[in-house]
Amino acid sequence: MIGTAVRVLQQLRHDPRTLAMIMVVPCVLLTLLWWVYEGGAVFQQVGAALLGVFPVVVMFLITSVATLRERSSGTLERLLTMPISKPGIIGGYALAFGFMAVLQAVVAALVVVGPLGLETAAPWGYLVVVAVASALLGMAFGLFVSAFARTEFQAVQFMPAVVLPQFLLCGLLVPRDQMPRVLELVSDVLPLSYAVDAMREVTTDAAPGIGGELLVLAGFVVGLLLLGAATLRRRTD
Amino acid sequence: MGVAAVEVAELRVARGGRVVLDGLDLTVRRGAVTGLLGPSGSGKTTLMRAILGVQVVASGRVTVLGEAAGSPSLRSRVAYVTQAPSVYDDLTVEENLRYFARVLGLRGSKRTEAVDAAVERVELGDERGRLARNLSGGERSRVSLATALLGDPELLVLDEPTVGLDPVLRASLWTLFGALAADGVTLLVSSHVMDEAERCDRLVLMRDGQILADDRLPDLLARTGTSSAEHAFLSLVGGAEGGAEGGAR
């Protein structure tokens, strides 16, 4: 598992442009958001929530395309003829991209509370924790859906199909309890809602009780990774 | 432990609604180079995949080194090189090999030695630091081959390993295959180039999912009264079709 993680990170090291995108894109988007609202009240309201949303999108795209490349290059088939377990392969990817997710979340959170001056009721460390959890969520979704994509075109289109509905229903546009009942129920089973809920608590509550939300997010991450491992087949047609 | 490295009995494989292999029987001897020759589409790759245990089969039995094909314990004893080189384009030659060596459970100095030996054997010593994506097609397929040599496998299954290589390199790879066989490694090598037949200890000629012949080259030539594998193949195909027509009448 560690060997696979090291290998995935080595691959990223030879691709500095992707590395830069992982680190820079969320920061640029959050800065743009700050500028749109000129750092005012609305930014203070939604800044934290979007800090939980952007990493999901970026990590989703990067992991889904990276794992799809492993499938289409024949290296996955080769690995599956070798003495390595399926959870070992998925776990290696999760470790490597999880590491990138942590770096990304820390950098983005520092930008938000530093230069952009987002004020949170709770210590800003909580922001980092929730941002890491949502980046891991994006990573796990990306690993999972790559099993259902045959081409990189398809993988990229899973992003609007899987992430955007969660974005619409996560409570950022309309608070979840004011949505039509059906949509509220749907949003209850979508993980991004919990990331946004947690971010809201961090902004408004000096001692936020976000254990439940984090537990739900962790459950989704582990569940999606296990499903991802289950989709690997040693024997194919 | 018998002389057979691979035993295939009544193997039937259907892909996409089409029967690719229909009741195929084959025995591959230990410590020899067996050439699997036939045109593209004759079922060579499907047969190799079945031997590796990565092909869904309809029926039949495939035994490899005394165990059912695809058994977990075979994963470090059998190595497979696919037709398209399967290496990481965004890693260097050395990083590729070090990763696969680690997957095979090689650690520390053993891993370094295995990587050094594999690189030397495919004559890529000067390219170890280059990214795979910057290599030529022939170089990439040699990296893929080097990967398969890492764990000293007992059975090497190579799907068209010499495609696109210059004649000098092709000759040196066939010398390498011979040397491996002399060390006791079993090799099953597919090719659609009939003139590679003379480098094999034993030939299996395939067409349309059937085995036309399974013989030593001299015996095959004597039996068909021809002077090359190519002509022997044509003679056997002609014989098979003549026979079918005869049966219909």
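Trainee: In this predicted model, which residue forms a salt bridge with B:Asp116?
Mentor: Start with the location. B:Asp116 sits in helix H3 (residues 108–121) of chain B, and its partner lies twelve residues away in the loop between H3 and H4 of chain B. The closest N and O atoms are 2.8 Å apart. The partner is B:Arg128.

Trainee: Is B:Asp116 buried, partly exposed or exposed?
Mentor: Buried means under 20% and exposed means over 50%. B:Asp116 has 30% relative accessibility, so B:Asp116 counts as partly exposed.

Trainee: How many residues apart in sequence are B:Arg140 and B:Asp89?
Mentor: Their side chains meet in a salt bridge, 2.8 Å from N to O. B:Arg140 lies in helix H4 (residues 137–149) of chain B, while B:Asp89 lies in the loop between strand E6 (78–81) and helix H2 (93–103) of chain B. So the pair ties together parts whose separation in sequence is 51 residues.

Trainee: Is A:Arg181 buried or exposed?
Mentor: Take the partner, then the arginine. A:Glu184 has 18% relative accessibility, so A:Glu184 counts as buried. A:Arg181 has 54%, so A:Arg181 counts as exposed.

Trainee: How many salt bridges are there over all chains?
Mentor: A search of the whole structure gives a total of 21.

Trainee: B:Asp159 has no salt bridge; which side chain of opposite charge is nearest?
Mentor: B:Asp159 lies in strand E7 (residues 155–159) of chain B, and B:Asp159 is buried. A salt bridge needs the nitrogen and the carboxyl oxygen within 4 Å. The nearest side chain of opposite charge is 6.3 Å away, and that side chain is B:Lys44.

Trainee: Which side chain makes a polar contact of 2.7 Å with the side chain of B:Asp159?
Mentor: B:Asp159 has a 2.8 Å polar contact with the side chain of B:Thr45. Beyond neighbours within four places in sequence, the contacts of B:Asp159 include B:Met48, B:Tyr80 and B:Gln83. The 2.7 Å polar contact is with B:Ser190.

Trainee: What distance separates the C-alpha atoms of B:Ser141 and B:Pro85?
Mentor: B:Ser141 lies in helix H4 of chain B and is buried, with a relative accessible area of 15%. Leaving aside neighbours within four places, B:Ser141 is in contact with B:Pro85, B:Pro161 and B:Leu165. B:Ser141 and B:Pro85 are 56 residues apart along the chain, yet their C-alpha atoms are separated by 4.9 Å.

Trainee: Which residue has its backbone oxygen 2.9 Å from a polar atom of the side chain of B:Ser141?
Mentor: B:Ser141 is in helix H4 of chain B. The backbone oxygen at 2.9 Å belongs to B:Gly138.

Trainee: What is the C-alpha separation of B:Leu180 and B:Leu156?
Mentor: B:Leu180 lies in helix H5 (residues 167–182) of chain B. B:Leu180 is buried, with a relative accessible area of 5%. Among the residues B:Leu180 touches are B:Leu149, B:Leu156 and B:Leu187. B:Leu180 and B:Leu156 are 24 residues apart along the chain, with C-alpha atoms separated by 9.5 Å.

Trainee: Which helices of chain A do the buried residues of H2(B) pack against?
Mentor: Eight of the eleven residues of H2(B) are buried. They include B:Val93, B:Leu97, B:Tyr99 and B:Phe100. In chain B, they pack against H3 and H4. In chain A, they pack against helix H1 (2–13) and helix H4 (75–80).

Trainee: At roughly what angle do helices H3 and H9 of chain A cross?
Mentor: The crossing is right-handed. Contact residues include A:Ala48, A:Gly52 and A:Val56 of H3(A), and A:Val196 and A:Met199 of H9(A). The axes come within 9 Å and cross at roughly 145°.

Methods:
Residues are numbered from 1 along each chain as its sequence is written. Chains are lettered from A and ligands numbered from 1 in the order in which they are written. This is a predicted model: local features need pLDDT of at least 70, side-chain atom pairs count only at pLDDT 80 or more; totals for chains, interfaces and linings use all residues. Side-chain values use heavy atoms; hydrogens and water are left out. Helices (H or I, at least four residues) and strands (E, at least two) are DSSP runs, numbered from the N terminus. Buried means under 20% relative accessible area, exposed over 50%, partly exposed in between (1.4 Å probe, protein chains only). Lys and Arg count as positive and Asp and Glu as negative; His and the chain ends are not counted. A polar contact is a pair of N or O atoms within 3.5 Å; within protein, one must be able to donate a hydrogen and the other to accept it, and residues adjacent in sequence count only if both atoms are side-chain atoms. Contact means heavy atoms within 4.5 Å. Axes are lines fitted to C-alpha atoms, for helices over the stretch in contact, and angles run from 0 to 180 degrees between N-to-C directions. A crossing is left-handed if the near helix is turned anticlockwise from the far one by less than a right angle, and right-handed if clockwise.
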